[in-house]
Amino acid sequence: MQRIITLSAYRRARHIAAYMASDGEISPEYVLCHASLKSKRSYLPRIHFGGKANKHMSFQRYHPRQKLRSNRYGIGEPAGLRYRARSPELLDIVLLPLAGFDKEGRRLGMGGGFYDRCFAFKNQHSRQKPLLIGIAHHCQEVSSLPADDWDIGLDLIVTDRAVITPRHGRGKNRIPRT
């Protein structure tokens, strides 16, 4: 997490989204606490189910000592709706959990597709925001991952050993098919 808080993009950021770690993921809670101390606003994903075709994710405001409730996957989410959700386009940085990644910026998540659907606009426009930063253990790197047209690439990957700028180019989210 030290690598993240020293990034210039983090220092400039005002609105940072992260996740509650589960199943061996690296926890970004230190970053969330640091953000709070630096008067940055933090957000956590909240999963919404409106039928099979209407699964989506929003980002709710979060404070480090806030009470969380478990969603259907057992992952902590902000309880209640004290604040309106923050639009994904208005976030500065999003920290994403990874099950695997490659140096092209392709990511393997847990298979729900929530992040890909939420940030699909990054494939349709050349918008820079938000900066998508994958968080993983170095041992989760693989030589290559397959990519589909709807996959959203990472702008940076931070591991316990390095900060990796994907070869596809920083801020460019179109991932070439392999």
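Student: Which residues lie nearest the centre of the second largest pocket?

Tutor: Ten residues line the second largest pocket, and Ala9, Arg12, Asp92, Lys129 and Leu131 lie nearest its centre. Before we go on, this is a predicted model, in which local features need pLDDT of at least 70 and side-chain atom pairs pLDDT 80 or more, while totals for chains, interfaces and linings use all residues. Residues are numbered from 1 along each chain as its sequence is written, and side-chain values use heavy atoms, leaving out hydrogens and water.

Student: What makes something a pocket, and what makes something a cavity?

Tutor: On a 1 Å grid over the protein atoms alone, a cavity is a set of points where a 1.4 Å probe fits but cannot get out; a pocket is an open set with protein on both sides within 12 Å along at least five of seven lines, and lining residues have an atom within 4 Å of a point. Points are joined across faces, edges and corners, and a volume is the space filled by probe spheres set on them. The second largest pocket comes to about 180 Å³, and the largest pocket to about 720 Å³. Of the 30 residues lining the largest pocket, Gly109, Met110, Gly111, Gly112 and Gly113 are the closest to its centre.

Student: How does the lining of the largest pocket divide by residue type?

Tutor: The lining of the largest pocket has 16 nonpolar, seven polar and seven charged residues. Here Ala, Val, Leu, Ile, Met, Phe, Trp, Tyr, Cys and Pro count as nonpolar, Asp, Glu, Lys and Arg as charged, and the others, Gly among them, as polar. Helix 4 gives the largest share of that lining, three residues.

Student: What is the volume of the largest cavity, and which residues line it?

Tutor: The largest cavity has a volume of about 40 Å³. Its lining consists of Leu96, Arg107, Tyr115, Asp116, Phe119, Leu132, Ile152, Gly153 and Leu154.

Student: Why is the pair of Phe59 and Phe119 called tilted?

Tutor: Rings of Phe, Tyr and Trp (its six-membered ring) pair if their centres lie within 6.5 Å; planes under 30 degrees apart are stacked, over 60 edge-to-face and the rest tilted. The structure holds three aromatic pairs. The centres of Phe59 and Phe119 are 5.9 Å apart and their planes stand at 45°, so this pair is tilted. It joins distant parts of the chain, with Phe59 in strand 3 and Phe119 in the loop between helix 4 (114–118) and helix 5 (121–124), 60 residues apart.

Student: How do you know whether Phe59 is buried or exposed?

Tutor: Buried means under 20% relative accessible area, exposed over 50%, and partly exposed in between (1.4 Å probe, protein chains only). Phe59 has 0% relative accessibility, so Phe59 counts as buried. Phe119 is also at 0% and therefore buried.

Student: What makes the pair of Tyr73 and Phe114 edge-to-face?

Tutor: The centres of Tyr73 and Phe114 are 6.4 Å apart and the planes are at 70°, so the pair is edge-to-face. Tyr73 lies in the loop between strand 4 (68–70) and strand 5 (76–78), and Phe114 in helix 4, 41 residues apart. At 47% relative accessibility, Tyr73 is partly exposed, whereas Phe114 is buried at 9%.

Student: Which residues form one aromatic cluster?

Tutor: Phe59, Phe119 and Phe121 form that cluster.

Methods. Helices (H or I, at least four residues) and strands (E, at least two) are DSSP runs, numbered from the N terminus.
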